[in-house]
Amino acid sequence: MPSWRNWSGKLASKPQRLLHLYSETQAAALAQSAALQGQRIRAVGAGHSHQSLVQNQDLIVDLLGLSGVISSDPQAHSAWVWGGSRIYTLGTALAASGLALSNQGDIDQQTICGATATGTHGTGAQLGSLSSRVIGARIALANGELVDCGPGQEADLWQACRLHLGALGLITRVRLALEPSYCLLEQRLEIPLEQALADIQSMMANNRHCEFFWYPQTDQAHIKLTNKTDRPPVYPLAEEGERCGWSHEVLPNHRPIRHTEMEYSVPADQGPACMQAIQGLLTKQFREVRWPVEYRALGQEDVWLSTACDRPTVTISVHQGVEEDEGPYFRACEEIFLAFQGRPHWGKVNYLGGKEFAALYPKWSDWWAVRDRVDPKGAFLNPYLESIRP
Ligand SMILES: Cc1cc2nc3c(=O)[nH]c(=O)nc-3n(C[C@H](O)[C@H](O)[C@H](O)COP(=O)(O)OP(=O)(O)OC[C@H]3O[C@@H](n4cnc5c(N)ncnc54)[C@H](O)[C@@H]3O)c2cc1C
């Protein structure tokens, strides 16, 4: 029996079948035959989610074989890319047409459709998530059709597909809104956490990308400020101090140490107070935790299930080593996040149920209505999604 594990190793599944996809025709046939046989089918990208999104007893479909840039339009600043493309494969290929992603997350190992499934984002008060950059998609539905959607065609399906949780069908390609290639200058500084929290709103406003890490039981914030520059890249990229290079070279980091993670988005103006509450928790109650807390910004956007839907946000992430039981620490953090009207990252740990999601997302029932319309028998659901459905 095939077996599957996610990146952290904390989530596992033994599906009856684990198949690799190499064409859209194959995707459509597979979606249809699974649905006809009453089987559950879930896609997998790079397996970097910490939430039980992929696990499924029947069929897991790996889309890494559908990879690369299909076509780019430098005038319109957009490109079609295959759904299984790892983000790190896109940078150089898009740069060949003078194009680049507007923002990226901490790492670039995820696939593009795995990343958009959960609203993956980087930092930047004026920058949206990768989902917000999806302006078109092609999806293999449970009825065996390959359907194109975008703002002017199947607009509701497109809205649902921008942040899709893998629950609508197999997304074979997406059209991304991009921008002309640009270089970034990254600068780092260390200041007391108290000062960082006092200044963070102006730092966020005055820098294209701004974030900090705080390590428990210290009082220093490790800040990263990154901005567009006319300077040429300086190779090799420095490991410390200033780094200057193309956006796809500067934005991603290496995160080799296996961990698990919870992240919540809170309204931007509540970010510092929420961070102070998390700091208090770590200082008083969880003194043994050494993993850092990360503080970033995500601009307001109109993606239905985005944690930044209709509100500018700050995201706060807490981590724990894979050999530890993260439960007590993460549950205590979640209580604080919820008190600040937090919305959890879809690809990371949370303990919420459907009622809570319905209260957090004005478009929750619209998203499910589209999902149920294109997959009435629930072939693309799994136990986790069943547990939170309205
Ligand atoms: C070290 C690390 C760093 C991270 N950094 C960030 C960060 O900076 N910012 C951030 O927001 N998140 C971050 N994450 C979370 C990560 O970006 C998300 O969990 C993302 O969804 C993972 O993408 P993936 O390709 O691994 O998808 P998977 O985890 O494999 O799958 C995620 C979902 O996508 C679905 N799916 C995948 N491909 C398709 C497809 N083609 N069609 C239909 N459904 C599909 C799956 O069914 C599943 O529901 C990080 C995670 C790790 C482990």
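Started with a helix pair: α4 (residues 155-162) packs against α10 (residues 364-374) at an angle of about 110°, and their axes are 9 Å apart. Angles of 65 to 115 degrees count as roughly perpendicular, so α4 is roughly perpendicular to α10. This is a predicted model, which I'm keeping in mind for every entry here.

Next I looked up who makes the contact. From α4 I noted Asp156, Leu157 and Ala160, and from α10 Trp367, Val370, Arg373 and Val374. Sorted by class, the contact has five nonpolar residues, two charged and no polar ones.

Moved on to the second largest pocket, which holds about 160 Å³ of space. I found 15 residues lining this pocket, and the ones closest to its centre are Ala125, Gln201, Met204, Ala268 and Ala297. Which of the elements gives the most? That's α5, with four residues.

Last stop was Gln320, which I found in strand β19. Is Gln320 buried or exposed? The relative accessible area came out at 8%, and the cut-off for buried is under 20%, so Gln320 is buried. Then I listed the contacts of Gln320, leaving aside neighbours within four places in sequence: His259, Thr260, Val289, Trp291, Glu326, Tyr329 and Phe330.

How values were computed
Residues numbered from 1 in each chain as written. Predicted model: local features only at pLDDT ≥ 70, side-chain atom pairs only at ≥ 80, totals over all residues. Heavy atoms only, no water. 1 Å grid on protein atoms, 1.4 Å probe; cavity = no way out; pocket = protein on both sides within 12 Å on 5 of 7 lines; lining within 4 Å. Points joined across faces, edges and corners; volume = space filled by probe spheres on them. Helix = DSSP H or I, 4+ residues; strand = E, 2+ residues; numbered from the N terminus. Axes fitted to C-alpha atoms, helices over the stretch in contact; angles between N-to-C directions. Parallel < 35°, antiparallel > 145°, perpendicular 65-115°, else oblique. Contact = heavy atoms within 4.5 Å. Nonpolar A, V, L, I, M, F, W, Y, C, P; charged D, E, K, R; others polar. Buried < 20%, exposed > 50% of the residue type's maximum accessible area, 1.4 Å probe, protein only.
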